[in-house]
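Please look over the chain below before reading the report.

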Amino acid sequence: MLKPVKHRSILFILPALIVVGGSTIIPLIAIVNFSVQDVFYGNDFIWVGPKWFIQVLSSKEFHHTLFRTFAFSTIVMAIEIPLGILIALSLPRKGKLIPFYIIAIAIPLMIPWVVVGLMWLLIIHPQWGSLGALLSLINFKIDLNNMIMAWSVIVFVDVWHWTSLVVLLCYSGLLAIPDSSYQAARLDGANRWSLFRHVELPKIKRVLMIALLLRFLDSFMVYAEPFILTRGGPGKSTVFLSHSLMRTASHQFDLGHSAAISLIYLSIIVLFSWILYKVM
């Protein structure tokens, strides 16, 4: 007979496991099937084995898009993680204005990706955008046909959109630190840096790991904002792995090729998420 206390929790989460498992395992099986076959007219399948994987891994375009994706993730995480920690440390721990601060910080997270891209595209427009019009007064134009400018805008928009997530996670960790830890550190003569290094950082390392993993996953799968802002230009300088996958699957309708890219994409994400978890 099953022990009621031990197995009751499994029954509670069983419906969620079924839904999540069905929505991930079944599509994954279909993608694996497509990745080893050549598809004609949506119905005819020809077994090709590892052909698509070899073709993807030997493609220079895949290597370039993969490098750009890693570069983008590295840049935004190098900015957002320290900036989020700094903002979280600057927020007050007590007071009536704390709900206001949290709501104000969380506003960018409530805006969908597509809306963020369209919003900033309008803001930086030199004619009807507020920021673009102000910059035009000093004869400065945000030219998205310039590679450095295009990358700068994409990174800025991502930092604006997602630094709030790091701030909220780190702030929740800081609120969990008891006042006695601060009092003991001050009695030992700890300065601000020592206080952060020995008291605050060890306490927020778990939420910091969650923030780092979430930001890596989101930034590595970025699609909407760069696509809306630059359309992959100038040239292919802002074409990331997600854009290459969508073009192969929807525009070229090359299902086998795109399925192989998807599985390689998934493998890279799982591998680096595991590495980050182990390092942290």
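What follows is a short report on the whole chain and then on one residue.

This is a predicted model, in which local features need pLDDT of at least 70, side-chain atom pairs count only at pLDDT 80 or more, and totals for chains, interfaces and linings use all residues. Residues are numbered from 1 along each chain as its sequence is written, and side-chain values use heavy atoms, with hydrogens and water left out.

The chain has 12 helices and two strands, where helices (H or I, at least four residues) and strands (E, at least two) are DSSP runs numbered from the N terminus. In order, the elements read α-β-β-α-α-α-α-α-α-α-α-α-α-α. Of contacts (heavy atoms within 4.5 Å) between residues at least 6 apart in sequence, 68% join residues at least 24 apart.

| Property of the chain | Value |
|---|---|
| Accessible surface (Shrake-Rupley, 1.4 Å probe) | about 17000 Å² |
| Share of that surface from carbon and sulfur atoms | 72% |
| Buried share of the 280 residues | 39% |

Side chains counted as positive (Lys and Arg) or negative (Asp and Glu) number 21 and 12, and the centres of the two sets lie 11 Å apart.

Ser237 sits in the loop between α10 (224-230) and α11 (241-251). Ser237 counts as buried because its relative accessibility is 10%, buried meaning under 20% relative accessible area with a 1.4 Å probe, protein chains only. A polar atom of the Ser237 side chain lies 2.8 Å from the backbone oxygen of Pro234. Leaving out residues up to four places away in sequence, Ser237 touches Arg68, Met147, Trp151 and Gly232.

Methods. Buried < 20%, exposed > 50% of the residue type's maximum accessible area, 1.4 Å probe, protein only. Charge placed at Lys NZ, Arg CZ, Asp CG, Glu CD. Polar contact = N/O pair within 3.5 Å; in protein donor to acceptor, adjacent residues only side chain to side chain.
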